[in-house]
Amino acid sequence: MEGEINLNTILENLNPVLNEGKYVFTKVDSLEQVPFSKILFLFKEKEGITVVLEKHFAEELNLHFSYICFLDYFRSSFFFSRCGFDRCVFSGTRKCQY
């Protein structure tokens, strides 16, 4: 599959979508603390395992968190191919309008 490599074309055709709900990052010592079906993302780090959950699930499980965030993504019909997309998007996220 060939992908679009013109970064300007990709950026001009992105459609940002903001998911409903609030999400949190929280550290757990074991994945047994959280039902796997409730985990959106997980990261294994030196300090432990970081999981991303919907805020209300973290509250139900009495997990500590300090930052509430929103989950957004970009809807696009392009297959990205070596175009610097991640670097551009993550450096300019604050410029996105919802």
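How many salt bridges does the count come to in this chain? The count comes to 2 salt bridges, where a salt bridge is a side-chain nitrogen of Lys or Arg within 4 Å of a carboxyl oxygen of Asp or Glu. What you're looking at is a predicted model, so local features need pLDDT of at least 70, side-chain atom pairs count only at pLDDT 80 or more, and totals for chains, interfaces and linings use all residues. Residues are numbered from 1 along each chain as its sequence is written, and side-chain values use heavy atoms, with hydrogens and water left out.

**Overall layout**

- The chain has 3 helices and 6 strands; these are DSSP runs numbered from the N terminus, with helices (H or I) of at least four residues and strands (E) of at least two.
- Reading from the N terminus, the elements go α-β-β-β-β-α-β-β-α.
- Of the 98 residues, 26% count as buried, and here buried means under 20% relative accessible area, exposed over 50%, and partly exposed in between (1.4 Å probe, protein chains only).
- Take the contacts (heavy atoms within 4.5 Å) with a separation of 6 or more: residues 24 or more positions apart account for 68% of them.

**The sheet**

- There's an open sheet of 4 strands in the order E3-E4-E2-E5, with antiparallel pairing. E3 and E5 stand at the edges with a single partner strand each, so one side of each has no neighbour in the sheet.
- For two strands to pair, DSSP has to find at least two bridges between them; E2 and E5 run antiparallel and are joined by 2 bridges.
- Within this part of the sheet, Val-24 stands opposite Ile-68 in E5.

**Two buried threonines**

- Thr-26 is found in strand E2 (residues 23-28) and is buried, with a relative accessible area of 2%.
- The Thr-26 side chain reaches the backbone oxygen of His-64 at 2.6 Å.
- Leaving out residues up to four places away in sequence, Thr-26 touches Ile-49, Thr-50, Val-51, Leu-53, Leu-63 and His-64.
- Thr-50 lies in strand E4 (residues 48-54) and counts as buried at 11% relative accessibility.
- A polar contact of 2.3 Å joins the side chains of Thr-50 and Glu-45. The term covers a pair of N or O atoms within 3.5 Å; within protein, one must be able to donate a hydrogen and the other to accept it, and residues adjacent in sequence count only if both atoms are side-chain atoms.
- Beyond its neighbours within four places in sequence, Thr-50 is in contact with residues including Phe-25, Thr-26, Lys-27 and Phe-41.

**Salt bridges**

- Asp-29 forms a salt bridge with Lys-27, with the closest N and O atoms 3.4 Å apart. Asp-29 counts as exposed at 64% relative accessibility, whereas Lys-27 is partly exposed at 44%.
- Lys-55 and Glu-59 meet through their side chains in a salt bridge at 2.7 Å, N to O.
- Why do Lys-55 and Glu-59 count as separated by about one helical turn? Because they are 4 residues apart in helix H2.
- Glu-59 is partly exposed, with a relative accessible area of 39%.

**Surface patch**

- Phe-25, Leu-40, Phe-41, Phe-43 and Tyr-67 make up a nonpolar patch on the surface, with about 500 Å² of accessible area together.
- As for the rule, patches are made of residues with over 30% relative accessible area and no salt bridge; like charges are joined within 9 Å, and nonpolar side chains (Val, Leu, Ile, Met, Phe, Trp, Tyr) within 5 Å.

**Loops**

- Most residues other than glycine have a negative phi. Asn-62 has a positive phi of about 55 degrees although it is not a glycine.
- Asn-62 lies in the loop between helix H2 (55-60) and strand E5 (68-69), and is exposed with a relative accessible area of 70%.
- Pro-35 lies in the loop between E2 and E3 and counts as partly exposed at 40% relative accessibility.
- Pro-35 and Phe-57 are 22 residues apart along the chain, with their C-alpha atoms separated by 9.7 Å.

Terms used. Areas by Shrake-Rupley, 256 points an atom, 1.4 Å probe, with all protein chains shown as cover.
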